Amino acid sequence: MIAFCIGQIYAGQLALAADAAMLPDWSGVWERVEGNGGIFDPSTVEPVDGRAGSPGVRQYPPLTEAWETKYQAMLEVVAQGRVPDPISICGTPAGFPRLLALPDVYEFIVRPEQTWIITENGPNIMRIYTDGREHPPESELWPTFTGDSVGRWDGQALTFSTVSMLGENGTVLDRSGLVLSDKASITTRMFKTEDGLLRAELTIKDPIALSEPWHVVRHFRKTPDGTRAFDYACAENNRNPITPSGQTLTLDAEGNTIDIEIDQDN
Amino acid sequence: MTHLIDIAKLKTVLFLSVVFLFSADISTAHHSSVMFDKATIVAVTATVKEFQWTNPHVWIQVIIKNDDDEMEEWSIEGLGPNSLFRKGWRPNSFIPGDVIEIKFNPMRDGSRAGGFIGARFADGSTIGNW
């Protein structure tokens, strides 16, 4: 009996080893290709090469009428320099899908049973289960920053489904103020292209915020061999606290506010 | 010993119509860059007081002589140390006492801070966009 069990475990290890040998090499340190000042969907940004957070810069997802109105209201806030970006308070992760559009570098850790996306900025850790499990039942799900992701390997491509994200209740997609609802679901297909880029194709569905599926593509390029990723501790020396009105203040080296103009309603 | 030089006569403020080429790329940082006037570049000679090699942004504390010959401390904000390291910056890139030329986008409200653009050291070497 004991020999049988050991044999089963050994066979399982062999199966995992075989799976591992078939997985793609996504090792190393990567950086996003589409910069665009952090705009989430660079294919529709206007003006072209506009930076998220700059007045008048926006993208054009297929928003429902109500959420287009919501987005325009956010753009007005951006125009006033009061963009509500949760990560500016140095306390919460960027969440998915925004974590595919962050500055600094990325690591993609591929194992047979899981893939981890680690972003230096934040940091953010996204876990994608590929061991055959399904999403938990609704009674065991609650909205989180990265949601719940399960997927499968199709040759050298990873396809995964993500549900149960926070949406507008704690995340934005970028500094233009775009948000989704907590009913959004995303199917992502990731694979390495012939020119060595890592390509992520997202199909985003949201019965509340989107009138039709929204397709977004983002790429990552590998940095030179030997590149290191480092700690990112946002609260280490954050000299730019955010006021209740959304104003970004600046502190001097002693921690005193040096801004001359401060919102009256703070 | 900190060496201060009279920089009042060297201080120039350049108003540029095309600014993004030289502006600080703080828009990819952890906070909004709206407080910086990206249409204005201040170029001054300054003395480094302190270099804070910290997340989420590095800070260069510099002493600048104002037009009334008074010494003022200014806080110049850069990007994060991680990305800057990969661009060649090091924790000792600025050493207290160094006299440097520095360019930055000033705060819109005139407070003593700015977004780093570039610097030139006494030996002629440069860092950032110079």
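**Close-up views of a two-chain model**

View 1. A:Leu166 counts as buried because 23 C-beta neighbours lie inside 10 Å; a residue is buried if 20 or more other C-beta atoms lie within 10 Å of its own, exposed if 12 or fewer, and partly exposed in between, with C-beta atoms placed from the backbone. A:Leu166 sits in the loop between strand 6 (157-163) and strand 7 (185-192) of chain A. Helices (H or I, at least four residues) and strands (E, at least two) are DSSP runs, numbered from the N terminus. Leaving out residues up to four places away in sequence, A:Leu166 touches A:Gly95, A:Pro143, A:Thr144, A:Phe145, A:Thr171 and A:Asp182; two residues are in contact if their C-beta atoms, placed from the backbone, lie within 7 Å. A:Phe145 is 21 residues from A:Leu166 along the chain, and their C-alpha atoms are separated by 5.5 Å.

**View 2. Chain A as a whole.** Chain A has two helices and nine strands, in the sequence order α-β-α-β-β-β-β-β-β-β-β. Its C-alpha trace spans about 75 × 45 × 40 Å along its principal axes. Of the 266 residues in chain A, 37% are buried.

**View 3. The largest nonpolar core.** A nonpolar core is a set of buried Ala, Val, Leu, Ile, Met, Phe, Trp, Tyr and Cys residues joined through C-beta atoms within 7 Å. The largest one has 44 residues, and A:Trp30 and A:Leu99 have the most contacts inside it. Among the elements of chain A that give two or more residues to this core are helix 2 (65-79), strand 2 (105-110) and strand 9 (214-222). Another core, of 27 residues, lies apart from it and includes B:Phe36 and B:Trp74. In soluble globular proteins, nonpolar side chains tend to be buried together.

**View 4. Where chain B meets chain A.** The contact takes 33 residues from chain A and 25 residues from chain B. On the side of chain B that touches chain A, helix 1 of chain B gives the most, with three residues. That side divides into six nonpolar, 15 polar and four charged residues; Ala, Val, Leu, Ile, Met, Phe, Trp, Tyr, Cys and Pro count as nonpolar, Asp, Glu, Lys and Arg as charged, and the others, Gly among them, as polar.

**Notes.** Residues are numbered from 1 along each chain as its sequence is written, and chains are lettered from A and ligands numbered from 1 in the order in which they are written. In this predicted model, local features need pLDDT of at least 70 and side-chain atom pairs count only at pLDDT 80 or more, while totals for chains, interfaces and linings use all residues.
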